[in-house]
Amino acid sequence: MKYLTKYRLSAAIIGVLLFISPSVQANTTHHHTLTSSELKLADDSIIDSINQLGELTVNIPNTQYFQTDNGVSVAFTPLHELPIVDVDLHFFAGSAYDDTAGTANMVATMLTQGTQTLPEDEFIAAKEQLGVNLSSNASKDGLSLSLRSLSDPSTVTQAADLMVDVLANPTFDDKVLERNKQRLMVSLKQQKQNPAYVAGLAYNQAVYGDHPYAHAVTGDEKTLDAMSRNDLISFWRTFINANNATVIITGDMDIESAKTFANRLTSQLPAGKSYKDALAVVKPAQAKHIHIPHDSSQTQIIIGHPTSKVRTDKAGRQEFSDFSLGNEILAGGDFNARLMKTIREQKGYTYGIYGGMERLRAGGNYVVEFSTDGDKAADAILETLHIINESLNEGVTQEELELVRLGNKNGFANIFSSNASIHRVIGALFVADYPKDHLNHTLNRLDNATINSVNTALNSRIKPDEFIIITVGKTKPNLDK
């Protein structure tokens with residue numbers, strides 16, 4: 001289970017990736033990172049207080065929005081520091097749209113394994129000759145075809161033609177499909193030896209129930225065995241269309257070149273249906289403790305519950321920014337977080353404990369995850385629940401809030417540190433229908449957070465009475481207390 005990788009960043013930076021917060025001023029896209037030797041004032045005196053740095057200024061790239069000739073929405077962010085272009089063509093066609101679990105993932109895998117005009121070996125050779133990275137992947141919510149290329153016009157044009165071929169003429173070769181299925185089945189069998197993976201599967205099933213988010217993106221041995229080439233063709237014909245697509249372009253292009261490129265890229269996408277809002281909303285789930293026996297000295301623990309779908313209105317974005325600050329204090333990935341201080345440092349139950357929100361288009365979940373020695377699992381879980389309840393009942397302190405607020409404000413500019421980072425952030429916001437000025441108000445949302453609003457947001461988002469607890473290990477922890 002990899003839920004919390006993205007949550008180990010500071011909460012405000014998380015708030016920026018898909019669930020963003022606060023305000024900023026500037027028009028240029030040039031960025032500079034200070035080294036320790038540069039942390040001096042104009043008179044060469046050493047800075048001994050962060051306040052001596054003065055007012056924080058963040059330069060936000062100027063993203064431009066337009067539509068292609070066939071109506072595909074495009075977000076274009078010009079960046080000219082490097083001769084690189086990043087492109088994502090996103091479809092609302094993730095594993096939640098599968099008829100046979102694992103279909104979206106297999107379609108994504110095979111899109112870049114040859115076309116009707118270029119067999120697999122020739123396709124790979126074409127990519128290598130152009131020197132581009134061309135890949136595709138599926139998540140629960142979407143399927144994306146991604147390109148990174150030098151911005152040389154000839155190279156970009158040829159890369160666009162290769163992407164068009166991928167989308168318009170996939171082959172889904174039976175032999176390649178069978179090879180992929182066998183490799184994935186072997187991988188799944190190996191992963192089942194990993195208690196974290198087993199816990200993740202059980203948690204998804206318990207949290208999402210009969211919702212399509214419940215099944216693994218990859219599918220399982222049974223669904224893979226049943227999967228056919230016709231399943232892939234049907235999925236491709238249904239979801240790979242202009243009305244279900246968005247394009248994100250970032251890098252060394254001007255606006256006219258970006259429009260030409262986007263039109264070329266989407267020129268052969270057929271008209272179709274948008275599935276942006278086709279998924280049913282995630283429902284609440286019943287609190288329970290599920291234990292799965294596993295021959296491991298450590299017990300893997302996941303604690304969480306379903307959450308409501310994404311809100312992108314002004315009040316919803318402020319509320320989530322407030323929650324992110326509070327959750328960083330409670331369960332963030334650094335050593336100042338309350339769970340980390342107690343469960344790791346004071347009690348010595350685990351090496352690391354992290355909590356955060358997985359936000360998906362139709363809902364999501366709040367989750368806390370860690371592992372500990374099997375004989376300590378019950379005490380570790382009960383102590384974790386105690387800290388969560390205590391934090392919700394008594395609230396976080398003003399001192400804690402000011403510390404994480406400052407860290408988030410000073411860390412905000414980090415998301416603009418590279419073309420790839422900017423591309424990911426803009427793309428995530430664009431696909432999730434965030435307002436176009438969302439980033440410009442990130443620092444404002446941080447400033448607007450009060451001790452009351454943060455504690456209210458924590459209590460509205462985290463519901464201990466609804467927790468589903470998954471344990472995977474040799475012995476079932478006794479949680480009767």
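Axes are lines fitted to C-alpha atoms, for helices over the stretch in contact, and angles between them run from 0 to 180 degrees between N-to-C directions. In those terms, the axes of helix α10 (residues 314-331) and helix α16 (residues 451-461) come within 8 Å and cross at roughly 90°. The structure is a predicted model. Its chain holds 16 helices and 11 strands, and 53% of the 481 residues count as buried. Among the contacts in the chain with a separation of 6 or more, 82% are between residues 24 or more positions apart.

**Helix pair α10 and α16**

- Angles of 65 to 115 degrees count as roughly perpendicular, and α10 is therefore roughly perpendicular to α16.
- From α10, the contact is made by E319, F320, D322, F323, G326 and N327.
- The partners on α16 are S453, V454, A457, L458, S460 and R461.
- Sorted by class, the contact of α10 with α16 comprises five nonpolar, four polar and three charged residues.

**Helix pair α3 and α4**

- Helix α3 (residues 120-130) packs with helix α4 (residues 153-168) at an angle of about 160°, and their axes are 10 Å apart.
- Because angles over 145 degrees count as roughly antiparallel, α3 is roughly antiparallel to α4.
- The crossing of these two helices, α3 and α4, is left-handed.
- On the α3 side the contact is made by F123, A126, K127 and L130, and on the α4 side by T155, Q158, A159, L162 and V166.
- The contact of α3 with α4 has six nonpolar residues, two polar residues and one charged residue.

**The six-stranded sheet**

- Six strands form an open sheet in the order β1-β2-β6-β3-β5-β4, and the pairing is mixed.
- The edge strands, each pairing on one side only, are β1 (64-67) and β4 (133-138).
- On average, neighbouring strands of this sheet are turned by 15° against each other, direction ignored.
- Helix α14 (residues 419-431) packs on the sheet and touches β1, β2 (73-78), β3 (84-91), β5 and β6 (245-251).
- The direction of α14 makes about 155° with that of β6.

- Strand β4 is joined by six bridges to strand β5 (residues 143-150), and the two run antiparallel.
- These strands, β4 and β5, form a hairpin with four residues between them.
- Within this pairing, N137 has S144 of β5 as its bridge partner, and S136 has L145 of β5.
- In a regular strand the side chains alternate between the two faces of the sheet.
- In β4, the covered face has L134, S136 and A138, whereas the uncovered face has N133, S135 and N137.

- Strand β11 (residues 468-473) is mostly covered, with six of its six residues buried.
- I468, I470 and V472 point one way from β11, while I469, T471 and G473 point the other way; all are buried.
- Strand β7 (residues 288-293) pairs with β11 in the parallel sense over six bridges, and H291 stands opposite T471 in β11.
- Strand β8 (residues 298-307) pairs with β11 in the antiparallel sense over five bridges, and G304 has I468 of β11 as its bridge partner.

**Individual residues**

- Most residues other than glycine have a negative phi, and most peptide bonds are trans.
- F172, a residue other than glycine, has a positive phi, near 45°, and is found in the loop between α4 and α5 (174-191).
- The relative accessibility of F172 is 1%, so F172 counts as buried.
- D433 is not a glycine either, yet has a positive phi of about 65°; this residue lies in the loop between α14 and α15 (442-448).
- D433 has a relative accessible area of 34% and is therefore partly exposed.
- N410 is found in helix α13 (residues 398-411) and, at 37% relative accessibility, counts as partly exposed.
- N410 and V58 are 352 residues apart along the chain, and their C-alpha atoms are separated by 9.3 Å.

How values were computed:
Residues are numbered from 1 along each chain as its sequence is written. This is a predicted model: local features need pLDDT of at least 70, side-chain atom pairs count only at pLDDT 80 or more; totals for chains, interfaces and linings use all residues. Side-chain values use heavy atoms; hydrogens and water are left out. Two strands pair if DSSP finds at least two bridges between them. Contact means heavy atoms within 4.5 Å. Buried means under 20% relative accessible area, exposed over 50%, partly exposed in between (1.4 Å probe, protein chains only). Angles under 35 degrees count as roughly parallel, over 145 as roughly antiparallel, 65 to 115 as roughly perpendicular and the rest as oblique. A crossing is left-handed if the near helix is turned anticlockwise from the far one by less than a right angle, and right-handed if clockwise. Ala, Val, Leu, Ile, Met, Phe, Trp, Tyr, Cys and Pro count as nonpolar, Asp, Glu, Lys and Arg as charged, and the others, Gly among them, as polar.
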